[in-house]
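Me: I have a chain open and want to talk it through. Can you take my questions as they come?

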Amino acid sequence: MSSFKLKRRSGTDNSVRGTSERSRRAVIGYVIALAVAVIVLILLSYFVHQRDSSILDTLHEQSATAQQNIIKLQEENQRLVEENQRIGGEKSELESRLDDLNAEADSLRQENGALETALDEASKKYDVDTKNLRSEYEALLKKYNELNQSTENSENSENN
């Protein structure tokens, strides 16, 4: 029986060696598979990082451009606010000047009305005075003619 046990053991040794050899190959295969998986994951991570880095660079450039645009818009807005204030000041000055001119125009209209009234009165007085002067002139002319006739008559009577 001892020989059987030895055989068994020797057979077990070979099978243990064969099993351990297979286990060893399987472990090495798993290790290689894991190493390949790790390398693939590392490469995948690298490419994802590169893509993310590229996206971040693009976003950073867009952000810088947006900030420049914001600064330009703020400067333009400030310029427009200042221009609006300047125009508002000019508008106030022009409105004040317009009010002064309107007041002056009203004053001139009143003065013109008074002058027109005075002109109408002077024209009426002129017409009355002219009428009176004509009647006086006609009366004087009549007296002159009468005097002239009476002088002629007296000269004629003296001559006769």
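Me: Glu83 and Arg79, how many residues apart are they in helix 1?

Reply: Four residues, about one turn of the helix, with both of them in helix 1. This is a predicted model, so treat every value here as computed from it.

Me: What do the side chains of Glu83 and Arg79 form?

Reply: A salt bridge, with N to O at 3.0 Å.

Me: Which residue meets Arg79 in a salt bridge at 2.5 Å?

Reply: Glu76; the 2.5 Å is again N to O. Glu76 and Arg79 are three residues apart in helix 1, which is also given as about one turn.

Me: How do Glu76, Arg79 and Glu83 go together, then?

Reply: They are linked in a network of salt bridges. Arg79 has a bridge to Glu76 and a bridge to Glu83.

Me: Why is Arg79 put down as partly exposed?

Reply: Because its relative accessibility is 41%. Glu76 is partly exposed too, with a relative accessible area of 35%.

Me: How many salt bridges does the count come to?

Reply: Six. Among them is the one between Glu95 and Lys91, where the closest N and O atoms are 3.8 Å apart. The cut-off is within 4 Å, so that pair counts.

Me: Where do Glu95 and Lys91 sit relative to each other?

Reply: Both are in helix 1, and because they are four residues apart, about one helical turn separates them. Glu95 has a relative accessible area of 40%, so Glu95 is partly exposed.

Me: Changing topic. How many aromatic pairs are there?

Reply: The count comes to one. Tyr46 and Phe47 make it, in an edge-to-face arrangement, with 5.6 Å centre to centre and 65° between the planes.

Me: Why edge-to-face for Tyr46 and Phe47?

Reply: Because the planes are at 65°, and an angle over 60 degrees counts as edge-to-face.

Me: Which residues make the nonpolar surface patch?

Reply: Ile28, Ile32, Val36 and Val40, over about 350 Å². Ile32 is found in helix 1, which covers residues 2-159.

Me: How many helices and strands does the chain have?

Reply: One helix and zero strands.

Me: And what share of the residues counts as buried?

Reply: 0% of the 160 residues. The chain exposes about 15000 Å², with 56% of that area supplied by carbon and sulfur atoms.

Me: What is the mean pLDDT?

Reply: The mean for the chain is 88, and 88% of the residues reach 70 or more.

Me: Where does pLDDT stay under 50?

Reply: Over residues 1-10. For that stretch the model has one contact beyond four places in sequence.

Me: Back to the charges for a second. What can side chains of opposite charge do?

Reply: They can pair when their charged atoms come close. In this chain, Glu76 and Arg79 at 2.5 Å are one of the examples.

How values were computed. Residues numbered from 1 in each chain as written. Predicted model: local features only at pLDDT ≥ 70, side-chain atom pairs only at ≥ 80, totals over all residues. Heavy atoms only, no water. Patch = residues over 30% accessible without salt bridge, like charges linked within 9 Å, V, L, I, M, F, W, Y side chains within 5 Å. Areas by Shrake-Rupley, 256 points an atom, 1.4 Å probe, with all protein chains shown as cover. Helix = DSSP H or I, 4+ residues; strand = E, 2+ residues; numbered from the N terminus. Phe/Tyr/Trp six-rings, centres within 6.5 Å; stacked < 30°, edge-to-face > 60°. Buried < 20%, exposed > 50% of the residue type's maximum accessible area, 1.4 Å probe, protein only. pLDDT = per-residue confidence, 0-100. Contact = heavy atoms within 4.5 Å.
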